[in-house]
Amino acid sequence: MQVADTKKLLSGNEAVAQGAYEAGCLVGVGYPGTPSTETMESFAKYDGVYAEWAPNEKVAMEVAGGASMAGARCLVACKHVGVNVMADPLYTLAYTGVNGGLVLLAADDPGMFSSQNEQDTRFHALGARIPLLEPSNPAEARDFAKLAFDLSEEFDIPVIVRSTVRMSHTKTMVEIGERVEHDLKPYTKDPSKWVMMPAFAKKRRKVADQRVRDLMDWGSKSDIVRAEYRDKKIGIICAGVVYEHVREAMPDASVLKLGITYPLPKAAIASFADEVEELYVVEEASNYLSSQVAALGFTLNQTPNAIPPDDEISPEIIRHAFGADKPDFETFDGALPPRPPSLCAGCPHRLVFSELNRMGAIVTGDIGCYTLGALAPLSALDSCVCMGASLSMAHGVELARKFGSGVDEKFAKKPVVGVIGDSTFAHSGITSLLGTVYNHGDGILCILDNRTTAMTGQQGNPVNGITLQHRPSHELDIVKLCEAMDVEDVQRVDSQDLKAVREAFKHAREFDGLSVIVFCSPCQLLIRKKESPYVVSEDCRKCRSCINIGCPAMGADEEGRALINPTQCIGCGQCAQICPFDCIKSTAEG
Amino acid sequence: MATEINAQSTGATAVASKAVTVVLCGVGGQGTILAADILAKVAAASGMQVRLSEIHGMSQRGGSVITIVRFGTEVHSPVTDLGCADRIVSFEATEALRYLPYLNKNGGKLLVNSEEIKPLPVLIGFAEMPSNTVEYLQKHGATLIDSSAIAREVGNPKATNIVLMGALSKDLDFDEKTWEDVIAKRVPPKTVDSNIAAFHAGRDAVK
Ligand SMILES: Cc1ncc(C[n+]2csc(CCOP(=O)(O)OP(=O)(O)O)c2C)c(N)n1
């Protein structure tokens with residue numbers, strides 16, 4: 001008898017990887033992004049599979065499209081905004097369909113714990129006509145991932161498994177099984193299926209529409225759509241982790257649990273609606289389900305208290321929506337200091353931002369650890385929109401100032417600086433830079449090369465030349481790339497050397513034309529080296545220059561003199577370089 | 001049609017027996033996730049259903065963090081709400097004040113590492129630490145232990161989280177042996193002894 005070993009405590013992401021492994025998935029491609037990252041990281045660890053990081057999600061989906069065409073089962077994983085980046089191949093792969101099963105794990109972030117927006121991947125499924133499954137917990141994540149591969153091949157279509165942060169990052173015990181190997185499915189050349197030029201695409205469009213109707217029927221018969229009848233006064237339609245909240249909050253209510261939310265299983269919804277007196281949809285941070293159920297012609301009841309349209313929901317929010325009082329709670333009666341995340345002690349991004357702040361530059365930022373340069377005391381960023389936007393937005397600011405009338409004089413004089421990380425540059429900064437060069441753009445573009453994709457957990461990328469398996473590969477030489485693009489002014493600078501940082505900015509400001517600075521120094525989390533801590537001498541003049549670089553090891557004593565916490569200090573010496581009076585020394589210097 | 005479950009016809013009761021909700025909070029980097037993982041495994045090894053919910057990403061860079069562990073004979077939601085936590089284990093004292101609203105006012109218990117860590121806004125002079133953290137927590141029935149000092153005493157300063165799990169274990173119905181087994185499997189091999197020692201020191205601290 002098998003017992004203990006067939007069950008493991010797995011997160012939703014790990015469970016999707018496990019399901020893909022069991023389904024005989026051969027190729028995995030992803031780009032990191034919270035809350036999806038561990039999916040590809042754990043898939044890569046199984047024997048008999050091949051996995052890699054792509055430079056971005058569009059590339060990931062295209063690699064998977066090719067592997068699928070050649071007959072392999074493929075898994076792609078990314079966060080919700082990554083689906084925007086891959087939308088182009090995704091929408092057309094819905095026309096071509098697949099050969100080997102192709103499954104996309106897309107992880108949404110209701111509550112925006114680590115994202116720039118709260119978009120709902122189900123609208124992409126609707127737009128692209130791609131079926132979308134929603135597991136409610138890790139055990140289902142494993143089952144649905146397996147099912148998704150079969151469904152993909154049966155219906156000749158990529159399948160999305162949608163997760164949310166509370167599915168991806170919830171751990172439960174998961175039953176695991178053996179891998180079933182799949183030979184490559186035979187490939188036969190078929191331009192009418194794979195060459196999407198108008199004549200063929202027009203036909204495939206009709207195939208896509210028929211497939212949606214077939215999938216609607218499939219859903220209504222499938223056991224991933226489950227009507228749970230209890231008290232029939234209240235009937236709730238829900239999916240994903242919201243189902244778990246609903247069961248907790250409303251244990252007596254009848255529930256229609258939708259394991260597939262695109263296309264909606266109309267017949268199953270109709271029979272559920274017939275059985276219950278009042279029909280509700282409960283969902284979080286979106287109106288996808290309620291609008292689509294309503295679009296099918298069902299009339300929904302409204303809960304006595306509204307469910308907030310944004311943010312993640314919880315059992316208490318649901319109970320309250322159906323009329324219950326919220327539980328009583330205690331709140332501290334004093335003021336609490338906020339505790340935002342901050343750049344680590346020794347972070348190589350810090351001195352660049354302290355300089356940008358000093359320069360009073362207009363800084364178009366990007367996404368990564370360096371987005372934290374927006375927070376006090378560095379307060380150096382003007383914008384952060386999406387990966388790659390820093391460089392192109394800097395170009396846009398320059399254009400507006402150059403060609404616009406009535407430009408404020410102070411605004412016109414500020415240097416414009418785009419700031420982007422190494423992984424983000426490889427992801428989508430290269431084409432932005434190309435656009436600026438091509439169009440004779442101006443300004444200063446900084447590439448913060450800390451030798452890793454730090455924010456999402458120090459993954460390899462094409463700039464540091466480390467693979468998903470942590471093996472060495474080709475390193476992109478950014479300076480050479482800039483030269484090849486005909487950027488006239490490129491500097492490579494050690495970002496831990498304040499003098500060099502200052503000089504590089506001075507030079508770039510004086511240069512007439514586009515200037516690129518590659519700031520290079522490894523992330524502290526990568527090297528994890530702790531040198532002797534620094535100390536502040538008696539001569540401290542309380543000027544706060546060192547405190548204003550926002551190091552978590554740096555504070556002030558009661559009299560306002562700078563004070564270094566020796567357990568937090570890693571001995572990088574940034575503060576010593578900043579101090580105008582030479583009052584900070586390493587304890588190693590005695 | 002799709003699967004149907006009919007609780008009415010079988011007469012089965014749908015009401016879940018109440019799950020226990022533990023909130024672990026602190027400062028990014030303090031080891032809340034490892035502690036939560038151990039607690040979840042102990043509960044699972046004791047035959048319970050478990051849900052563990054953690055937040056990755058941004059907040060880990062020294063920000064305020066919260067991890068939720070729920071266990072019982074039947075558990076559904078991985079999250080909790082204000083006024084609903086049966087236990088709060090705070091790895092840092094001011095964070096206990098921040099997450100206090102989660103505590104169930106009827107019987108919830110608060111276990112706190114008395115150490116206070118200043119966040120960046122305090123260090124740069126943009127905000128102040130509350131002056132009465134410990135007194136306030138004591139007045140509200142919190143159990144305070146200096147788990148950082150205890151961890152240093154047993155020779156493993158990083159084991160603050162395990163000291164707190166030891167203290168928590170006094171108050172939960174799981175076998176001491178199960179805790180020891182799970183900890184031994186989960187921590188780096190070289191640190192098993194000092195972590196087990198930290199666990200017992202934590203247990204003794206709340207006698
Ligand atoms: C389209 C898209 N994919 C993925 C992410 C997730 N993400 C946010 S920051 C980041 C990595 C940033 O790495 P890098 O540019 O090297 O900066 P660092 O964090 O190392 O400073 C990633 C992958 C995202 N926000 N958007």
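This is a predicted model: local features need pLDDT of at least 70, side-chain atom pairs count only at pLDDT 80 or more; totals for chains, interfaces and linings use all residues.

Trainee: Which residue stands opposite Cys25(B) in β5(B)?

Mentor: Strands of a sheet pair through backbone hydrogen bonds, either parallel or antiparallel. Here β2(B) and β5(B) run parallel, and the residue of β5(B) that stands opposite Cys25(B) is Ser90(B).

Trainee: How many bridges join β2(B) to strand β4 of chain B, and in which sense do the two run?

Mentor: Strand β4 of chain B covers residues 64–72, and one of its residues, Val65(B), stands opposite Gly26(B). The joined strands β2(B) and β4(B) are linked by 8 bridges, and their sense is antiparallel.

Trainee: How many of the 8 residues of strand β2 of chain B are buried?

Mentor: Buried means under 20% relative accessible area. Strand β2 of chain B, which spans residues 20–27, is mostly covered, and its count of buried residues is 7.

Trainee: Turning to chain A, which strands are the edge strands of its open sheet?

Mentor: The open sheet has 7 strands with mixed pairing, in the order β3-β2-β4-β5-β7-β6-β12 of chain A. An edge strand here pairs on one side only, and in chain A this holds for β3 (50–53) and β12 (260–262).

Trainee: Which residue of β7(A) stands opposite Leu133(A)?

Mentor: Strand β6 of chain A (residues 132–133) pairs with strand β7 of chain A (residues 159–164) in the parallel sense, over 2 bridges. Within β7(A), the residue opposite Leu133(A) is Val161(A).

Trainee: How much area do chain B and chain A bury between them?

Mentor: The contact takes 72 residues from chain A and 67 residues from chain B. Of the area buried between the chains, 61% is on carbon and sulfur atoms, and the total is about 5800 Å².

Trainee: How many salt bridges does the rule find across the interface of chain B and chain A?

Mentor: A salt bridge needs a side-chain nitrogen of Lys or Arg within 4 Å of a carboxyl oxygen of Asp or Glu. Arg247(A) forms one with Glu74(B), with the closest N and O atoms 4.0 Å apart. Across the interface, the number of salt bridges found is 8.

Terms used: Residues are numbered from 1 along each chain as its sequence is written. Chains are lettered from A and ligands numbered from 1 in the order in which they are written. Side-chain values use heavy atoms; hydrogens and water are left out. Two strands pair if DSSP finds at least two bridges between them. Helices (H or I, at least four residues) and strands (E, at least two) are DSSP runs, numbered from the N terminus. Buried means under 20% relative accessible area, exposed over 50%, partly exposed in between (1.4 Å probe, protein chains only). Contact means heavy atoms within 4.5 Å. Buried area is the accessible area (1.4 Å probe) that two parts lose on being put together, summed over both.
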